[in-house]
There are 2 protein chains.
Amino acid sequence: MAENVSYQNVQAEVMRRINDHVWEPGGLIPAESLLAKEFGCTRTTINRALRELADNGILDRKRKVGTRVALHPERKATFRIPLTRLEVENSGAIYRHSLIERKICKPPVVIRTRLGLSATSKMLHVRALHLSDGQPFQYEDRWVCLEVVPKILDAKLETISANEWLVQNAPFTSGDIIFSAASASKEEAELLGTHEGDALFVVERITWQGTAPVTQVRLAYAPGYRLHSVI
Amino acid sequence: MAENVSYQNVQAEVMRRINDHVWEPGGLIPAESLLAKEFGCTRTTINRALRELADNGILDRKRKVGTRVALHPERKATFRIPLTRLEVENSGAIYRHSLIERKICKPPVVIRTRLGLSATSKMLHVRALHLSDGQPFQYEDRWVCLEVVPKILDAKLETISANEWLVQNAPFTSGDIIFSAASASKEEAELLGTHEGDALFVVERITWQGTAPVTQVRLAYAPGYRLHSVI
DNA sequence: CAAATTATTATGTGTAGACATAATATGATT
DNA sequence: AATCATATTATGTCTACACATAATAATTTG
């Protein structure tokens with residue numbers, strides 16, 4: 001008798017009660033100590049179950065106030081941000097990349113202000129094309145903050161992509177990502193082997209080391225690219 | 001004396017050692033029991049610290065084998081999947097939606113096979129336009145599985161959007177999401193108030209209740225839409 | 001020697017209890 | 001009545017210990 005109740009059992013039952021509207025969206029659910037008594041386990045176990053559900057956005061918790069069912073159950077989707085090389089190789093194709101430009105210069109105002117840099121700052125501007133089985137796969141336009149990552153000037157970016165060098169040598173603490181769709185410019189179309197005006201999937205990413213910007217990159221994918229994710 | 005060591009302290013120090021290459025990517029790190037001794041806390045605390053980092057993709061853990069620094073630190077990004085209504089309202093605009101079509105019929109083969117339905121299955125096909133301050137914001141093309149959610153036939157989809165009705169009435173256990181870019185068809189362009197061929201940001205989503213498909217939806221956003229996310 | 005069996009070990013998860021902390025509710029004071 | 005100090009409460013996190021489990025290593029067996 002007295003089987004152990006696992007935190008997963010608790011989670012399953014909590015989810016059932018939410019789905020069956022036993023516990024209404026926005027409503028308070030019983031306190032941990034009560035649930036512990038009801039489920040016949042310790043508060044530790046209940047705590048872990050509820051904490052994880054709160055991490056997943058299913059529940060909202062506040063000290064002293066209690067735990068309530070999230071009002072708008074906006075499920076969180078997570079997706080991995082792989083290296084472009086691995087993204088290609090995982091599809092079974094052969095990866096290659098070619099450096100288009102590598103220049104130290106002052107960034108355009110858009111970039112500078114977005115990163116919060118002074119007007120005199122110089123950055124490393126890198127443009128590269130990533131290929132999958134010889135076909136254009138992704139066009140990369142990157143600005144690297146030299147004050148934060150001066151060592152990148154020693155990197156052989158013809159051999160190792162800036163993407164990969166940064167992952168290995170420039171840790172970041174946080175980042176912003178923006179997904180959008182854009183029409184291919186003439187140059188982009190040429191590089192990606194498609195036509196001007198074609199719809200491209202675009203990812204922009206800015207990464208930070210504390211409050212200092214590390215790098216900003218714009219990745220334009222060749223037509224047909226689909227980013228997959230799971231809820 | 002003997003200050004408590006929190007799991008967050010442990011996480012911070014672990015991250016430092018990874019960033020400073022004290023622990024190499026792919027390398028084994030000391031076992032929980034050793035770290036507990038080193039940090040002067042219990043294994044429980046170490047476990048929580050490492051477990052969370054593993055959840056975030058920073059570490060790889062396997063029983064008996066140990067814990068290693070993830071070889072390719074593909075950071076996971078998470079983003080919320082809000083109701084379209086809230087997405088609009090949170091931007092300060094007024095939301096409205098208009099139903100374009102609501103029909104019970106057999107789905108095209110693409111949809112049917114993707115959802116694993118039989119050839120005779122009928123589904124509810126809903127098309128709607130979501131507006132932000134009167135301007136076209138998102139075009140929704142949805143198929144709902146009537147075997148799983150028969151009650152949707154009673155819903156007043158002119159009043160409440162299918163999106164919102166389903167969130168409240170049809171829980172799901174898992175889902176796939178695909179992001180892509182597409183050129184606007186003539187009809188899409190008309191509905192979204194733009195031009196044929198314009199680049200649209202497209203989200204496709206399939207949700208499942210166990211192994212049964214709940215709904216498949218294709219959301220095409222008006223030009224200019226950007227999806228934000230944080231790492 | 002190869003195959004099957006039996007340790008061994010690192011993580012996974014549970015119990016029981018304690019103190020910390022944030023936010024509210026209550027009561028005392030002006 | 002309004003303000004401030006004080007209890008109260010639910011979650012947050014830690015200690016200390018125990019047993020479960022998966023995967024490997026060591027050992028026995030055919």
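At what angle do helix H3 of chain A and helix H3 of chain B pack, and how far apart are their axes?

1. The model is predicted; local features need pLDDT of at least 70, side-chain atom pairs count only at pLDDT 80 or more, and totals for chains, interfaces and linings use all residues. Residues are numbered from 1 along each chain as written, chains are lettered from A and ligands numbered from 1 in written order, and side-chain values use heavy atoms, without hydrogens and water.

2. H3 (residues 43-55) of chain A packs on H3 (residues 43-55) of chain B at about 25°, with the axes 14 Å apart. Helices are DSSP runs (H or I) of at least four residues, strands (E) of at least two; axes are fitted to C-alpha atoms, with angles from 0 to 180 degrees between N-to-C directions. H3(A) is therefore roughly parallel to H3(B) (under 35 degrees).

3. Arg48(A), Arg51(A) and Glu52(A) meet Arg48(B), Arg51(B) and Glu52(B) (contact: heavy atoms within 4.5 Å). By class, this contact of H3(A) with H3(B) has six charged residues, no polar and no nonpolar ones (Asp, Glu, Lys and Arg count as charged).

4. Over all chains there are 14 aromatic pairs (ring centres within 6.5 Å). In one of them, the rings of Phe179(A) and Phe179(B) have centres 5.8 Å apart and planes at 0°, so the pair is stacked (planes under 30 degrees apart). This pair crosses between chains, joining strand E8 (residues 174-183) of chain A to strand E8 (residues 174-183) of chain B.

5. Chain A is assigned domain 1 (7-69) and domain 2 (84-221), with bounds from an automatic or database assignment. The C-alpha centres of these two domains of chain A lie 43 Å apart.

Terms used: Parallel < 35°, antiparallel > 145°, perpendicular 65-115°, else oblique. Phe/Tyr/Trp six-rings, centres within 6.5 Å; stacked < 30°, edge-to-face > 60°.
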